[in-house]
Amino acid sequence: MALREIITVPNPLLKKVSKPVEQVDDELRVLMDDMLETMYAAPGIGLAAVQVGVPRRVIVMDLAREGEPPQPRYFVNPEITWRSDQLAVREEGCLSVPDIYDEVERPAQVGLRYMDYHGETVEEDAEGLLAVCIQHEMDHLEGVLFIDHLSRLNRDRAVAKVKKAAKDGAEKAA
Ligand code: K1U
Ligand code: ZN
């Protein structure tokens, strides 16, 4: 397994629509293993392949609480099959928009269809943090970031803050 670099705003790749995966094979499993290791190291609870520069429809996630055994999850070519009318507001963060957190409103429950690590098709209903995280990650597959759900002012502020932090970091390292 290997750590991959997580790209951050304003990298234009984050605005790209990711392409479907044709087959779940060993090459894809290497990508998913690397993504999971990269997500744990960040640390984060979810990661889309495009965030490591690979615009394919692949997501990894682990929503285990502290002290619980790891619960790695893999979503290949995920689809949302239904959305609840009921909405829920929750604070979100993003490894591609470091150190910015804000509230986003989304459907509280969704239905999912995806392929797992072994290429098996799975259908399940999601609510709570799983529903939030999968919708956040599936937005990445469409080139949408959680800050795109915020007001223009808050989005521009967030991008400016990330750019400044990257500039300050580069100057410190030089
Ligand atoms: O960048 C990403 O897509 C990952 C993101 C997932 C996410 C978080 C919160 C709401 C929706 C989606 C993160 O993992 S941000 C980091 C984070 O939430 C976290 C980090 C360490 C411990 C617990 C949470
Ligand atoms: Zn994100």
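**Close-up views of a predicted model**

View 1. Strand β6 (residues 109–115) is largely enclosed by the rest of the structure, because five of its seven residues are buried. Buried denotes under 20% relative accessible area, exposed over 50%, and partly exposed in between, with a 1.4 Å probe and protein chains only. Strands are DSSP runs of E with at least two residues, helices are runs of H or I with at least four, and both are numbered from the N terminus. Two strands are paired if DSSP finds at least two bridges between them. The model is predicted: local features need pLDDT of at least 70, side-chain atom pairs count only at pLDDT 80 or more, and totals for chains, interfaces and linings use all residues. Residues are numbered from 1 along each chain as its sequence is written, chains are lettered from A and ligands numbered from 1 in the order in which they are written, and side-chain values use heavy atoms, without hydrogens and water.

View 2. Strand β3 (residues 72–83) runs antiparallel to β6, to which five bridges join it. Along this pairing, W82 has G111 as its bridge partner, and I80 stands opposite L112. Strand β2 (residues 58–62) is also antiparallel to β3, again through five bridges; here V58 is partnered by V76.

**View 3. The β6–β7 hairpin.** Seven bridges link β6 to strand β7 (residues 121–127) in the antiparallel sense. One of the bridge partners is A126 in β7, which faces V110. Five residues separate the two strands of this hairpin, and G119 in the turn has a positive phi of about 85°.

**View 4. The zinc site.** The zinc ion (ligand 2) has C94 (SG), H136 (NE2) and H140 (NE2) as its protein donors, at 2.1 to 2.3 Å. Donors are N, O and S atoms within 2.8 Å of the metal (3.2 Å for Na, K and Ca); water is not among the atoms, so sites may look incomplete. The donor residues follow the spacing C-x41-H-x3-H. C94 belongs to the loop between β4 and β5 (102–107) and H140 to helix α2, so the pair ties together parts that are 46 residues apart in sequence. Both C94 and H140 are buried.

**View 5. The cysteines C94 and C133.** C94 is buried, with a relative accessible area of 8%. C133 is in no disulfide, and the nearest cysteine sulfur, that of C94, is 10 Å away. A disulfide requires a pair of cysteine sulfur atoms within 2.5 Å, and the count by this rule is zero. C133 is likewise buried, at a relative accessible area of 5%.

**View 6. The largest pocket.** This pocket has a volume of about 410 Å³. On a 1 Å grid over the protein atoms alone, a pocket is an open set of points where a 1.4 Å probe fits, with protein on both sides within 12 Å along at least five of seven lines, and lining residues have an atom within 4 Å of a point. Its volume is the space filled by probe spheres set on the points, which are joined across faces, edges and corners. Of the 21 lining residues, I45, E92, G93, C94 and Y101 lie nearest the centre. Helix α2 provides the largest share of the lining, five residues.
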